[in-house]
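Visitor: Could you walk me through this one while I have it open?
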Amino acid sequence: MRLAARVEGVGLFGPGLPGWGASRALLSGSAPYEARATVIPTPEALPATERRRAGKSVRLSLAAGLEAAAGAARAPKDLVAVFTSQGGDGENVHAICEMLASDDREISPTRFHNSVHNAPAGYWGIATGAAHPADSLAAFDASFSAGLIEALARLAQRPSQPVLLIAYDAPYPQPLAAARPMVDAFATALLLSSGGTAGPAIEAALVNESVKPMAEQGLERLRSGIPAARGLPLLALLASGKPGRVVLEYLDDLALAVEVGA
């Protein structure tokens, strides 16, 4: 089965990738890529209290999702959202583990509710006023492709309702980072719609093919070193403005092929 959509808007924040507009030339190869620490915008859409509580994963996902919605001139509150991350907010999990290992095991409710995997989806609703369903997925290194499949399936089920895919990941503090190392924080978003002519068309299907490394070594380091960045080959193709085909990492015996058209 093939799943299809139009990509109306893209959001992107990662190492040396400060937003989709500023990153297109870097991804397409028309400008040299230089690895720099990820800069995460302040989530101005959140009320002051929630803004202070928002961790790195929340700020990342909001920034990418809002950029994609703005690029498509869509109101964020009108969108169904699919969030996907291999592990959610590792900083809060680390803090909770420290408390549980101490003599003081009274975990604050704020710390706990920020640690759950669907916290970014909740903050998205607060920031945008969105009342539509929001999924929150985790599939380890396959999380980006799993999220894309889910978003495309939701769109196929209800073609009149645009879907926003937000994939994000942030490094764990030590000692968890030793068990699950990650290059840096990264988030990307795709605003998908059905029909019309806004944005390039994509079609996705499961295949038994191998994933090829990216030609640019710095970008390949991101792709292989951050689960949410497994979608970088697709972003690079979209940035080029050309039709083509990429194969994205999914399960051990399956990959996700995505064709980009006009």
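Visitor: How many bridges join strand E1 to strand E7, and do they run parallel or antiparallel?
Guide: This is a predicted model, in which local features need pLDDT of at least 70 and side-chain atom pairs count only at pLDDT 80 or more, while totals for chains, interfaces and linings use all residues. Residues are numbered from 1 along each chain as its sequence is written, and side-chain values use heavy atoms, with hydrogens and water left out. Strand E1 (residues 3-14) and strand E7 (residues 201-207) run antiparallel and are joined by four bridges; two strands pair if DSSP finds at least two bridges between them. Strands (E, at least two residues) and helices (H or I, at least four) are DSSP runs, numbered from the N terminus.

Visitor: Which residue in E7 is the bridge partner of Ala 5?
Guide: Ala 5 is partnered by Ile 202.

Visitor: And what about E7 and E9, how many bridges there?
Guide: Six bridges join E7 to strand E9 (residues 255-260), and these strands run antiparallel, with Ala 205 opposite Ala 257 in E9.

Visitor: Switching to helices: at what angle do H1 and H10 pack?
Guide: Helix H1 (residues 20-28) and helix H10 (residues 232-240) pack at about 95 degrees with their axes 8 Å apart, where axes are lines fitted to C-alpha atoms over the stretch in contact and angles run from 0 to 180 degrees between N-to-C directions. The two helices are therefore roughly perpendicular, a label for angles of 65 to 115 degrees, whereas under 35 counts as roughly parallel, over 145 as roughly antiparallel and the rest as oblique.

Visitor: Which residues of H1 meet H10?
Guide: Trp 20, Arg 24, Leu 27 and Ser 28 in H1 do, and their counterparts in H10 include Leu 232 and Leu 235; contact means heavy atoms within 4.5 Å.

Visitor: What is the phi of Ala 73, then?
Guide: Ala 73 has a positive phi of about 55 degrees although it is not a glycine, and Ala 73 sits in the loop between helix H3 (56-71) and strand E3 (80-84).

Visitor: Is Ala 73 buried or exposed?
Guide: Ala 73 is exposed, with a relative accessible area of 72%; buried means under 20%, exposed over 50% and partly exposed in between, using a 1.4 Å probe and protein chains only.
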